[in-house]
4 protein chains.
Amino acid sequence: MKEAIKKVVENNDTRLSKGFDFFIQFLIVVSVITFSIETLPKLEPKTRFILSAIEIFCVIVFTLEYLARIYIAEKKGKFIFSFFGLIDLLAILPFYLSFGVDLRSLRILRMFRLFRLLKLVRYNKAMRHFTKAMLLAREQIILFMAVTLVLIYFSAVGIYYFENEAQPDHFASVFDSLWWSIVTLTTVGYGDVYPITAGGKIFTFFILLIGLGIVAVPTGIISSSLTKAVELESEEK
Amino acid sequence: MKEAIKKVVENNDTRLSKGFDFFIQFLIVVSVITFSIETLPKLEPKTRFILSAIEIFCVIVFTLEYLARIYIAEKKGKFIFSFFGLIDLLAILPFYLSFGVDLRSLRILRMFRLFRLLKLVRYNKAMRHFTKAMLLAREQIILFMAVTLVLIYFSAVGIYYFENEAQPDHFASVFDSLWWSIVTLTTVGYGDVYPITAGGKIFTFFILLIGLGIVAVPTGIISSSLTKAVELESEEK
Amino acid sequence: MKEAIKKVVENNDTRLSKGFDFFIQFLIVVSVITFSIETLPKLEPKTRFILSAIEIFCVIVFTLEYLARIYIAEKKGKFIFSFFGLIDLLAILPFYLSFGVDLRSLRILRMFRLFRLLKLVRYNKAMRHFTKAMLLAREQIILFMAVTLVLIYFSAVGIYYFENEAQPDHFASVFDSLWWSIVTLTTVGYGDVYPITAGGKIFTFFILLIGLGIVAVPTGIISSSLTKAVELESEEK
Amino acid sequence: MKEAIKKVVENNDTRLSKGFDFFIQFLIVVSVITFSIETLPKLEPKTRFILSAIEIFCVIVFTLEYLARIYIAEKKGKFIFSFFGLIDLLAILPFYLSFGVDLRSLRILRMFRLFRLLKLVRYNKAMRHFTKAMLLAREQIILFMAVTLVLIYFSAVGIYYFENEAQPDHFASVFDSLWWSIVTLTTVGYGDVYPITAGGKIFTFFILLIGLGIVAVPTGIISSSLTKAVELESEEK
């Protein structure tokens, strides 16, 4: 019995186990779509009922999967406190907790249901590559992330001194300027805050000329280490 | 006779066949420009008449080309259902269908005329490179596209929880937030939706710092595999 | 006499010739700054007079330089119709032409004065690298520029069909949509035009996901061939 | 005594010296956060008092560190006028100067306190890499920065001629157009200034198609030389 379950749940070589994997992934996606539809305003009671039914079904399947994985694990404690064990628990816990608590906290609890997306890591190769690549380039990413943060902070202080008097609402403090800083240096540029004084515009001119090269570095490191990780894996095959 | 047509339509080594290729490409561009001008509001009847005349001429040439290609094909059924065969058909079909249907559906039919642009694939090396490169890197693109989609979805849910109460119009549901998510993470930043709460701004700050590196990966893969495909082709020469 | 002028104007090994090069470059920059200041509205007559004086001085020096270059050229006709010969002529011509024409056309003539910036090409290594790199990667750039243009056009037609009815002002024709297309796919995103219908937003979502990778290719090719050209030059040394 | 201080302040091998390094870095960060909070409008007197107390404590520690570094330096004059010596002085000077001057200039003096961030260079490897990489690629960066500036200027003049009459407020002079130029070519696109005439839009269309590749070059050079510098350092280990 234990062996049969193990074959289906853990391995990925028979038709049945592949079908099981696909079914769980399908339910994760369904569960996420259900979650999204629930956020729509002015839902009819009938729709709410159907969404609840789908949600309950998903939770039942995920619970059975979780129990099955505990059952087949040789060291039960090790599995429960492993990365995937905790993710599997977090994917179902919000549902059970929502019975015992009042309605106010439900909103935050519902958000924890999104941990189910992390369950996809078990099945998705790209996710594995991503976590692997991040670990490989960890040191470099932290170093340049620090440089980027210093640059963003420096830009924020600079623009604060130039724009604070002219736009006391938008550049009220260095913290408000930090919002301008990240939106500008990532080139998003919403247009909700921008310099209007000549000094602020000249400062932005030079910050953009110099800064973009620095901000692009962590992005470049993540991209290149990701592609490296994929190449390594394909060579191993 | 058949051989003579084949020489002109299919091969690309004589002066006549090169002229034919250029003529068809020229008509595709003319047809696309005609299509664009037709969308201009307040056209005079005279202009409309000229545009129609050009359109009819293009369709006649494309129809003759299509029939010639069927005529010279050794396996007629194979050509008709091949990629280029279907494209050639789709390029002329909207015109003939527009006689049999009422005016309401005409609008959508007209759009199908744009399939003519895909006819350029037959002549354009870059397009061939592009489809080739996409096939080569297919697996990687799908994998990282999935990661990108998960990140975009995650950002959308996050901003929904922070901004929903403050801006119930712009962040009405997770679907509305997805619009914010794609516009922000691709750094387009129209400025029609942006966070206004402190929580939403801090969330955006970190999503931008981390997210840009991930969103850039599929872009990087497409770019690098395209340049690889071009290099391979130039080595073959 | 001819030899002495040649040493100063053409070569770049003596102190005097280096000084001459620097002086011409300095005058180009001065001339460009003068041009910029002249565009400022509400200039005092005194400032206008000073700017005119500087302009006349620059033109006199550039004219003398031009005549000297003709004088020292062995084949005078060849120099006059060479790239640098034409640039040198275009840099001074607008000034002399402005005496013979009425005031209305002056505005456009003044703009031609900017050709002086191209005179810097003679002195600036980076400019030389740039033109060299562009020639090397010419074929690839044209190919992918075509793909990019097709994508931009395709996006424009798509958004036109989705948004034309909802926003007849902003998406009046395919030509108006092309403006949206270039601003969105280059991620500039001014925010003057953006989709407001659900269909248009979903279309933009997918166009952005797929399109950015394609639009980035010509940029990537230019960048990489520029750095290649620099490396080649530094190896030659 | 001198040896004992040297062991703690300069070296980085004992537990005590590592703790000292960490403590100084911690104080720099605290000092920067204090600086940011001080910019918040409507602070209570009590908060101001606490912030002043923290500031005084930081300055005392930094002063003691500065004196200790002078004390242990073999050539005192050389240290005082070295890069790090000057940075250490600039980090404490604004505080002492603020006693002797009136309140008006205080604002600018406070900003100099940010030089403390540069003190992190001593401890942060990434900063060292960055300055090293910038020195290595200095020539290339200057060359292409020049090309980028010429392109930005050229775009500004172009848009000035197209938009000046239609939008005399936003494109009042070439200097105003330069603001549009940098915001557009870096793809920030705030949306405060954008072309509205057909000519200006077509000009922007081609400038964006061609210009992005050129503007991306200095960014690419900084990124690639930074990653090279990191690789070199990791090979040395």
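Read along the sequence, chain A runs α-α-α-α-α-α-α-α-α-α-α. Its secondary structure comprises 11 helices and 0 strands, where helices (H or I, at least four residues) and strands (E, at least two) are DSSP runs numbered from the N terminus.

The model is predicted: local features need pLDDT of at least 70, side-chain atom pairs count only at pLDDT 80 or more, and totals for chains, interfaces and linings use all residues. Residues are numbered from 1 along each chain as its sequence is written, chains are lettered from A and ligands numbered from 1 in the order in which they are written, and side-chain values use heavy atoms, with hydrogens and water left out.

**The fold of chain A**

Of the 237 residues in chain A, 51% are buried, that is, under 20% relative accessible area with a 1.4 Å probe, protein chains only. Contacts (heavy atoms within 4.5 Å) between residues at least 6 apart in sequence join, in 65% of cases, residues at least 24 apart.

**The interface of chains A and D**

In this interface, 40 residues of chain A are in contact with 38 residues of chain D. The area buried between the two chains is about 3500 Å², and carbon and sulfur atoms give 74% of this area; buried area is the accessible area (1.4 Å probe) that two parts lose on being put together, summed over both. On the side of chain A that touches chain D, the elements giving two or more residues are helix 9 (138-163), helix 10 (174-185) and helix 11 (198-236) of chain A.

Between chain A and chain D there are 7 residue pairs in polar contact, with both residues at pLDDT 80 or more. A polar contact is a pair of N or O atoms within 3.5 Å; within protein, one must be able to donate a hydrogen and the other to accept it, and residues adjacent in sequence count only if both atoms are side-chain atoms.

Chain A can be laid on chain D with an RMSD of 0.0 Å by a turn of 90° and a shift of 0.0 Å along the axis. The two copies are thus related as by a four-fold rotation axis; superposition is by least squares on the C-alpha atoms of residues with pLDDT of at least 70 in both. Only 10% of the interface residues of chain A are also interface residues in chain D, so the copies meet through different surfaces.

| Residue | Phi |
|---|---|
| B:Thr187 | near 60° |
| C:Thr187 | near 60° |

B:Thr187 lies in the loop between helix 10 (174-185) and helix 11 (198-236) of chain B.

Conventions:
Buried < 20%, exposed > 50% of the residue type's maximum accessible area, 1.4 Å probe, protein only.
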